[in-house]
Amino acid sequence: MNDDRPVLLETRGTCMHLTLNRPRALNALSHTMVRLLDAALARAEQDEAIESVLLSGAGDRGLCAGGDIRALHDDARASGRASLAFWRDEYRLNARIARFPKPYVALMDGIVMGGGVGVSAHAGIRVVTERSRVAMPETAIGFVPDVGGTRLLAAAPGELGTHLALTGRSVGAADAILCGLADHHVPARLLPALTEALGKPTGTTGPTGPSGPGASVADIVQGFTTDPPAGALAAQRDWIDDCYAADTVEDIIRNLRASGVPAARTVADELLTKSPLALKVTLAAVRRAARLDSLEAVLDQEFRVSSRAFEHPDFVEGVRARIIDKDNAPQWKPGSLAEVDDQEVARFFAPLGPGEQELALAPGPADTSARDGQDEHGGQGG
């Protein structure tokens, strides 16, 4: 009999194994799943018999494709508020994962996007496979990277994170490791053996992994690690770092077109298909995230941005065009970068208004750069 619980919880030896269990929906996160994950981690944190936590996804397509976009879309169309409650709990879960005091191993096999990055890339031990495709693709649907993604992307080498944030492109194992989104490559065929090894008390793994007294969870994972297939980004660093160093989206696109690199010109054309407003807010969010001193502060900022993006028509239109009708012809408002007002971009980062509750994970102001952010990004209107 199939188990239809959205999150499966099983303790295997000393490891609590959490499985996202919506394979038909590519394990997309619902509010119920977020609550179940948070409760399980709270329990594991207090249970002395639990030495580690392992996160995986049911099925063979991926760990998690993100939040339940259709539910968010329907809520936005109905002018609801359930999505804000979902994000509030989701972002708190992301922070809990990042601060979890025991080894938390995330198996980032297959598709890992959006909210899937949030429950995995903040883990202490992040495993990708040759099948991994990791992305924050929000600009394509008129939204902005969240779940701590702007902090992860801001910390990537050079301007690789800016490139991934604006384009929403997915990366494989080698590039995910290069960008700091993952730590280890393990062939997909070895994941069952790794899972079994993690369930044994440390120091008692089988012949594939390390053995002997004192082997840590990290040692066990390292025993299954191999070199990943070659990535693409390392060879593209020169033009990516040069083109994306600009302060505005318009200048980035101009740099891409003028670079003389065919791949860069392709990216320029690709960016022009995204929501102009989402592009400008995303660039500002990544730049601001680089100046914030904690994940909690970034999540506070992202909650403000998500709240504003949820209210904007580009989100509903983007989901309609890309996911529901699939005509891939969104009608963005405004329709061009030149029409995006600087004040509208700044509004996404302003404190929430009366009747709205800040996430308030970090002590003090959520965005210490708010006072100078508008000046720095003031030229984005072109």
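# A predicted fold and its side-chain contacts

The side chains of Asp251 and Arg254 meet in a salt bridge, with 2.4 Å from N to O. This model is predicted, and across the protein chain the pLDDT averages 92, with 91% of the residues scoring at least 70.

**Salt bridges**

- Side chains of opposite charge can pair when their charged atoms come close, and the structure holds 22 salt bridges.
- Asp251 and Arg254 are three residues apart in helix H11, which covers residues 249-258, so about one helical turn separates them; Asp251 counts as partly exposed, at 28% relative accessibility.
- An α-helix has 3.6 residues a turn, so residues three or four places apart point the same way.
- A salt bridge also joins the side chains of Asp241 and Arg237, at 2.8 Å from N to O, and because these two residues are four apart in helix H10 (residues 237-243), they too are separated by about one helical turn.
- Elsewhere, a network of salt bridges links Glu317, Arg320, Asp325 and Asp327.

**Aromatic rings and charges over rings**

- A pair of aromatic rings is described by the distance of the centres and the angle of the planes, and a search of the whole structure finds six aromatic pairs.
- In one of them, the ring centres of Trp87 and Phe310 are 5.6 Å apart and the planes stand at 85°, which is over the 60 degrees needed, so the pair is edge-to-face.
- Trp87 belongs to helix H3 (residues 82-99) and Phe310 to helix H14 (residues 295-311), so their pairing ties together parts that are 223 residues apart in sequence.
- Trp87 counts as buried at 2% relative accessibility, and Phe310 is buried too, with a relative accessible area of 5%.
- Phe310 also pairs with Phe315, in a tilted arrangement with 6.4 Å from centre to centre and 45° between the planes, and Phe315 is buried, at 1% relative accessible area.
- Taken together, ring pairs link Trp87, Phe143, Phe310 and Phe315 into a cluster.
- Charged side chains also meet rings: Arg288 lies over the face of Phe349, at 4.1 Å from the ring centre, while the charged end of Arg347 sits over the ring of Phe348, 5.8 Å from its centre.

**Nonpolar cores**

- The largest nonpolar core has 90 residues, and of these Tyr104 and Leu256 touch the most other members.
- When neighbours within four places in sequence are left aside, the residues in contact with Leu256 are Trp239, Cys243, Tyr244, Ala264, Arg265, Val267, Ala268 and Leu271.
- Another core lies apart from the largest one and has 16 residues, among them Leu107, Val186, Leu194 and Val217.

**A covered helix**

- Helix H6, which covers residues 160-167, is mostly covered, with eight of its eight residues buried; they include Leu160, His163, Leu164 and Leu166.
- The buried residues of H6 pack against helix H5 (149-154), helix H7 (173-178), H10, H11, H12 and helix H13 (276-289).
- Gly168 follows H6, and the phi of Gly168 is positive, near 70°.

**Stretches to read with care**

- Where pLDDT is low, the predicted coordinates should not be read in detail.
- Over residues 204-214 the pLDDT stays under 50, and the model has 18 contacts beyond four places in sequence for this stretch.
- The pLDDT is also below 50 over residues 366-382, a stretch that has 44 contacts in the model beyond near neighbours in sequence.

Note on methods:
Residues are numbered from 1 along each chain as its sequence is written. This is a predicted model: local features need pLDDT of at least 70, side-chain atom pairs count only at pLDDT 80 or more; totals for chains, interfaces and linings use all residues. Side-chain values use heavy atoms; hydrogens and water are left out. Rings of Phe, Tyr and Trp (its six-membered ring) pair if their centres lie within 6.5 Å; planes under 30 degrees apart count as stacked, over 60 as edge-to-face and the rest as tilted. Buried means under 20% relative accessible area, exposed over 50%, partly exposed in between (1.4 Å probe, protein chains only). A charge sits over a ring if NZ of Lys or CZ of Arg is within 6 Å of the ring centre and within 35 degrees of the ring normal. A nonpolar core is a set of buried Ala, Val, Leu, Ile, Met, Phe, Trp, Tyr and Cys residues joined through side-chain atoms within 4.5 Å. Contact means heavy atoms within 4.5 Å. A salt bridge is a side-chain nitrogen of Lys or Arg within 4 Å of a carboxyl oxygen of Asp or Glu. pLDDT is the predictor's confidence in each residue, from 0 to 100.
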